[in-house]
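Reader: Could you walk me through how to read helix packing and strand pairing in a model like this one?

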Amino acid sequence: MNYDIVESFAQMVREKGIDRDVLGGILEEIFGILVKKKFGEEAKFDVVVNMDRGDIEIFLEREIVDVVEDPNTQISLEEVNKKGNEDDLEVGEDFVEKIELASLGRRLVVLAKQSLNQKIRELEKEIIYNEYNELLGEIVVGDIYQIRKNDILVNHNKNELVLPRNEQIPFEKYKKGETIRAIVKEVRKGNSGPVIVISRSDNMFLRRLFEIEIPEIYDGIIEIKSIAREPGERAKIAVESQDSRIDAVGACVGMKGVRIHAIVRELNNENIDVVSYSDDPIIFIQKSLAPAKLKKIELDEDEKKAIVTADSDQVSLIVGRNGVNIRLAMRLTGYEIEILREEKPFEEYEEDIELIDIKEELGAEVYEILINHRYDTAIEVLTAGPEKLKEIEEFDEAKIEEILEIIKSQFEEEE
């Protein structure tokens, strides 16, 4: 047993890189408990562990007395002589005896084995916990080995990592056996061992991908100032160059977009806007809402609000699909953005729209009526205005207003 116990610990030293002194201390502690169980709390003893030889030695120290009252701490001179009193010890001196492990009894030996196994398991859990705690926020690469309803289990260096549904990229497809990258988001102690949560939806994952793909960020030449992200949909990342010779946005995008495309592919084709950071909030807001053209930005620094004035045809660009663009711009800049829409004179529309192209939106009946009254394009209808359109018997004021709104909205979508 001696050899087995020490060898199992020595193996952990080799595989896990655990401090040998720590393991030796654990063995000493466990066998110290056993000795106390056998010889009582007052027993004087010494446990020596030699990890190299795979050896454990236990030495019990007892006082030599004339009359033994406590055999756990005392021993008679007669008994010492029987054991071979090589040092000619006398009454009053201490006798040190080596205790064989087997003499502790089978029950205590079994208890030692159980205690050691438990200590080993606890150590392994502690090692895994510490290992992943140091990897918090870093990317790990593992293999998907189980896909469940609410999470995915990933094998990383023979350890189980959990990718919960809320940490996945929405609508991304995962396959068993597939290699996957994610950051370590959380490590906590569970009843059956450490629970390691990984994430692909966290902003930090996007940050780490930029550090990997763009050397200037890794080297600190370009700094990531802020990130706003709706995973699977769109992300905005504000960057600033510490070197005036390097264009931060250009470096992040790369030649023909090769750098940014690598990140987009990793994120399941998530759209990424790289924004040049500015200390001036007005410029920063303007850039975060690009390519929309803004007419004016008014700031309320105390309330962290920005009122953005823009032509009506720019509103859809500012807001974006399902409002994602303006939400990300607000998170990126830290300002609540309010839009003031200004009607754009129809004379300024760069391109006209044939009514046939918006027949479905207008409705077939309305379309036919307009065509019959020699209105062929959207600008012709807008130029006519409500007063002229009232001459058409089939239209009342409400209908005319509805037609004009439909046409204006088409110009906004075109923009």
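Author: Happy to; we will go from the whole chain to its helix pairs and then to its strands. Keep in mind that this is a predicted model.

Reader: Thanks! How many helices and strands does the chain have?

Author: The secondary structure comes to 15 helices and 15 strands. The radius of gyration is 39 Å, well over the 22 Å that the globule rule gives for 415 residues, so the chain is more spread out than a compact globule. Along its principal axes, the C-alpha trace spans about 135 × 50 × 40 Å.

Reader: Now the helices. What describes two packed helices?

Author: The angle between their axes and the distance between those axes. Take helix H2 (residues 20–39) and helix H4 (residues 106–133): their axes come within 10 Å and cross at roughly 150°. That makes H2 roughly antiparallel to H4, and their crossing is right-handed.

Reader: Which residues of H2 and H4 make the contact?

Author: H2 contributes Leu-23, Ile-26, Leu-27, Glu-29, Ile-30, Leu-34, Lys-37 and Lys-38, while H4 contributes Leu-108, Leu-111, Ala-112, Ser-115, Leu-116, Lys-119 and Leu-123. By class, the residues of this contact divide into ten nonpolar, one polar and four charged.

Reader: At what angle do H5 and H8 cross?

Author: The axes of helix H5 (residues 203–213) and helix H8 (residues 258–266) cross at roughly 145° and come within 10 Å. H5 passes H8 in a right-handed crossing. On the H5 side you will find Phe-205, Leu-206, Leu-209, Phe-210 and Glu-213, which meet Arg-259, Ile-260, Ala-262, Ile-263 and Glu-266 in H8. Seven of the residues in the contact of H5 with H8 are nonpolar, none polar and three charged.

Reader: And how do H9 and H11 cross?

Author: For helix H9 (residues 281–288) and helix H11 (residues 324–333), the axes come within 9 Å, with a crossing of roughly 150°. That makes H9 roughly antiparallel to H11, and the crossing is right-handed. Here Phe-284, Ile-285 and Ser-288 of H9 meet Ala-329, Leu-332 and Thr-333 of H11. This contact has four nonpolar residues, two polar and no charged.

Reader: Let's turn to strands. How do the strands of a sheet pair?

Author: They pair through backbone hydrogen bonds, either parallel or antiparallel. Strand E10 (residues 222–230) and strand E11 (residues 234–241) run antiparallel, joined by eight bridges. They form a hairpin with three residues between them, and Gly-232 in the turn has a positive phi of about 85°. Within the pair, Ser-226 stands opposite Ala-238 in E11.

Reader: In which sense do E11 and E12 pair?

Author: E11 and strand E12 (residues 271–276) pair in the parallel sense, over six bridges. Ala-238 has Val-275 as its bridge partner in E12.

Reader: In what order do E13, E14 and E15 lie in their sheet?

Author: The order is E13-E14-E15, an open sheet of three strands with mixed pairing. Strand E13 (296–300) and strand E15 (336–342) stand at the edges, each with a single partner strand, so one side of each is left without a neighbour in the sheet. Neighbouring strands are turned by 20° against each other on average, direction ignored. Strand E14 (residues 305–311) pairs with E15 in the parallel sense over seven bridges, and Ile-307 stands opposite Glu-338 in E15. Helix H10 (residues 312–319) packs on this sheet, touching E14 and E15, and its direction makes about 130° with that of E14.

Note on methods. Residues numbered from 1 in each chain as written. Predicted model: local features only at pLDDT ≥ 70, side-chain atom pairs only at ≥ 80, totals over all residues. Heavy atoms only, no water. Axes fitted to C-alpha atoms, helices over the stretch in contact; angles between N-to-C directions. Helix = DSSP H or I, 4+ residues; strand = E, 2+ residues; numbered from the N terminus. Parallel < 35°, antiparallel > 145°, perpendicular 65-115°, else oblique. Left-handed = near helix turned anticlockwise from the far one by under 90°. Contact = heavy atoms within 4.5 Å. Nonpolar A, V, L, I, M, F, W, Y, C, P; charged D, E, K, R; others polar. Pairing = 2+ DSSP bridges. Rg over C-alpha atoms; globule rule 2.2 N^0.38 Å.
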